[in-house]
Amino acid sequence: MLATVGKEPPQWGGSFFVAMQTLTIFLLAAGAAWAISGWEPIEFLQTRYDEVRIAQFALFALLIPLFAKFGAPLPRGSRAAFLALLTIGVVSASFAEFPTYGFVELGLMSALVCAGLAAREWTATHSNLRPLIILVTSAGALVLGTRLLIDFIAAFATSDARGLVSAWLPFTTPRFFAKAATWALPLLWCAPLLLDRHRTITRFCCAAAAVAMSAQVIGTGSRGAVVGIGMAMLACLFLGQTGRSYARWQVLIGLLGFLLWRVVETSFGLATSRRLAMTALNGRAQLNAAAWADVQSSPWIGIGPMQYSAVDRHPTVLGAGTHDFALQFAAEWGIPAAMMLFALGAWWFWATAQSIRLRNAAGQPTEKRDAAIDTAIFAGATAALVHGLVANVFNDPVSQLIAVLLIGISIPSRRNAVELTKGRSRLLRSVLAVFCLAASGMAISLGRTCIQPDSVQLPRGSTVFPRLWSQGLIPYSKTCRMPPEGSISALPPGEYIDPRLNPPQ
């Protein structure tokens with residue numbers, strides 16, 4: 001039950017449109033919760049990111065038409081910046097080596113923007129939607145942390161630590177698990193504050209889940225996540241009461257997580273936390289050098305969206321991305337587009353920080369609740385931004401679902417300062433909706449068919465992988481074989497086995 005926040009008259013109407021708004025936002029939050037939970041039967045682990053991507057497209061297919069028909073007009077500044085980015089993207093994709101894939105990513109990025117703006121508009125209209133979205137999404141974070149906690153208990157009960165890998169396994173790699181953790185930890189702090197009943201037991205459960213999650217982040221050696229979470233904690237100290245409350249909570253959770261993993265290391269003879277002190281770049285220097293060469297080769301419009309992962313573009317570098325969101329965006333979209341995107345991001349951080357400080361100063365229950373929600377989102381986004389400089393947090397469907405929902409509902413609303421006419425804005429939204437839905441359909445079509453190795457793919461073993469985390473889908477068969485003249489030896493269909501499913505003793 002949500003905490004009582006005042007005697008505001010209900011803003012819910014009885015129209016079909018309002019019901020569809022609520023249902024769509026709830027489904028988007030449920031999709032984000034499922035994505036962040038890592039919940040998946042072991043037989044489907046190899047296709048989980050395919051399913052998350054399909055769920056993402058399906059949710060956007062529900063949301064974008066509603067936004068096109070009923071969304072509010074866009075403010076002049078946001079409209080100009082978005083149109084400029086869209087124009088650069090179209091030009092860049094048109095001159096790219098593989099234009100189809102460029103337009104697919106352009107459509108996906110546009111869909112993310114539209115989804116975020118829709119979430120912003122509807123939560124500004126219906127105040128009860130924001131806490132509901134946080135609680136639903138936090139349920140996924142609680143599931144993830146609880147699974148990790150159970151794995152720790154099972155490890156001590158059976159004297160076997162091999163099961164500790166099972167909770168992050170659905171995220172493919174520890175790095176992807178750490179991406180989810182950067183968003184999940186602030187949500188676990190915020191969720192109990194939104195409840196009126198059972199707050200104490202909920203706070204205890206969320207704290208225990210957060211300790212287990214922090215321990216696993218430390219245990220997997222996720223340096224970028226640790227630095228990002230620490231930087232977010234420091235930034236929150238300047239946000240007022242809720243920011244300081246989160247910082248104190250995060251310090252305590254981090255210390256308990258570190259102690260838990262030290263006990264695990266001592267009990268089972270592990271030393272994985274030493275990875276946090278490593279200075280090696282793990283191949284990132286080569287990836288970044290290739291991206292910088294792309295920036296220099298085409299500084300104005302970039303090499304094209306999604307084009308960094310082309311097999312023949314960087315023959316000496318095995319990697320689908322730079323692990324550095326800023327550098328890869330500049331390489332693919334060009335320096336002007338990157339500067340506009342970073343300016344929009346800087347505006348959001350500044351405006352959100354100002355909003356949190358004002359709400360903390362107001363002292364009213366409703367404002368305190370909203371300040372806690374925005375603090376959690378600000379902390380998650382700050383950690384993700386810092387982490388994204390070494391792990392590209394914003395490029396997979398799990399991160400995108402969470403980011404577009406949370407950042408969307410935290411964008412400061414200026415409903416009384418709209419400067420456009422509804423007719424012109426509706427035309428823009430309608431064109432964007434058609435483009436986004438067409439690109440989503442193209443992405444599903446590209447992913448469901450056997451993708452040829454001369455497309456924009458990343459070869460790995462005998463299977464040709466698309467760069468699923470930013471565009472397209474990995475085929476469910478996982479057996480698109482290279483031709484005989486290919487540079488990678490082929491295995492019979494179905495014989496590629498992820499070694500993490502059978503970890504060493």
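**Figure 1. Salt bridges across the whole structure.** Six salt bridges turn up in a search of the whole structure. A salt bridge here is a side-chain nitrogen of Lys or Arg within 4 Å of a carboxyl oxygen of Asp or Glu. Side chains of opposite charge can pair when their charged atoms come close. The model is predicted, so local features need pLDDT of at least 70 and side-chain atom pairs count only at pLDDT 80 or more, while totals for chains, interfaces and linings use all residues. Residues are numbered from 1 along each chain as its sequence is written, and side-chain values use heavy atoms, with hydrogens and water left out.

Figure 2. Glu265 and Arg262 pair through their side chains, at 2.8 Å from N to O. Both sit in helix H9 (residues 241–268), three residues apart, which puts about one helical turn between them. Helices are DSSP runs (H or I, at least four residues), numbered from the N terminus. Glu265 is buried, at 3% relative accessibility. Arg262 is partly exposed, with a relative accessible area of 38%. Buried means under 20% relative accessible area, exposed over 50%, and partly exposed in between (1.4 Å probe, protein chains only).

Figure 3. Arg359 forms a salt bridge with Glu367, with the closest N and O atoms 3.5 Å apart. Glu367 is partly exposed, at a relative accessible area of 24%. Arg359 also meets Asp374 in a salt bridge, at 2.3 Å from N to O. Asp374 belongs to helix H13 (residues 365–391) and Arg359 to helix H12 (residues 335–362), so this pair ties together parts 15 residues apart in sequence. Asp374 is buried, at 1% relative accessibility. Shared partners link Arg130, Arg359, Glu367, Arg369, Asp370 and Asp374 into one salt-bridge network.

**Figure 4. Thr375 in helix H13.** Thr375 lies in helix H13. Its relative accessible area is 0%, so Thr375 is buried. The Thr375 side chain reaches the backbone oxygen of Ala371 at 2.7 Å. Leaving aside residues up to four places away in sequence, Thr375 touches Trp189, Cys236, Thr242, Gly243, Tyr246 and Ile356. Contact means heavy atoms within 4.5 Å.

**Figure 5. Leu62 in helix H2.** Leu62 is found in helix H2 (residues 48–70). Leu62 is partly exposed, at 38% relative accessibility.

Methods
Helices (H or I, at least four residues) and strands (E, at least two) are DSSP runs, numbered from the N terminus. A polar contact is a pair of N or O atoms within 3.5 Å; within protein, one must be able to donate a hydrogen and the other to accept it, and residues adjacent in sequence count only if both atoms are side-chain atoms.
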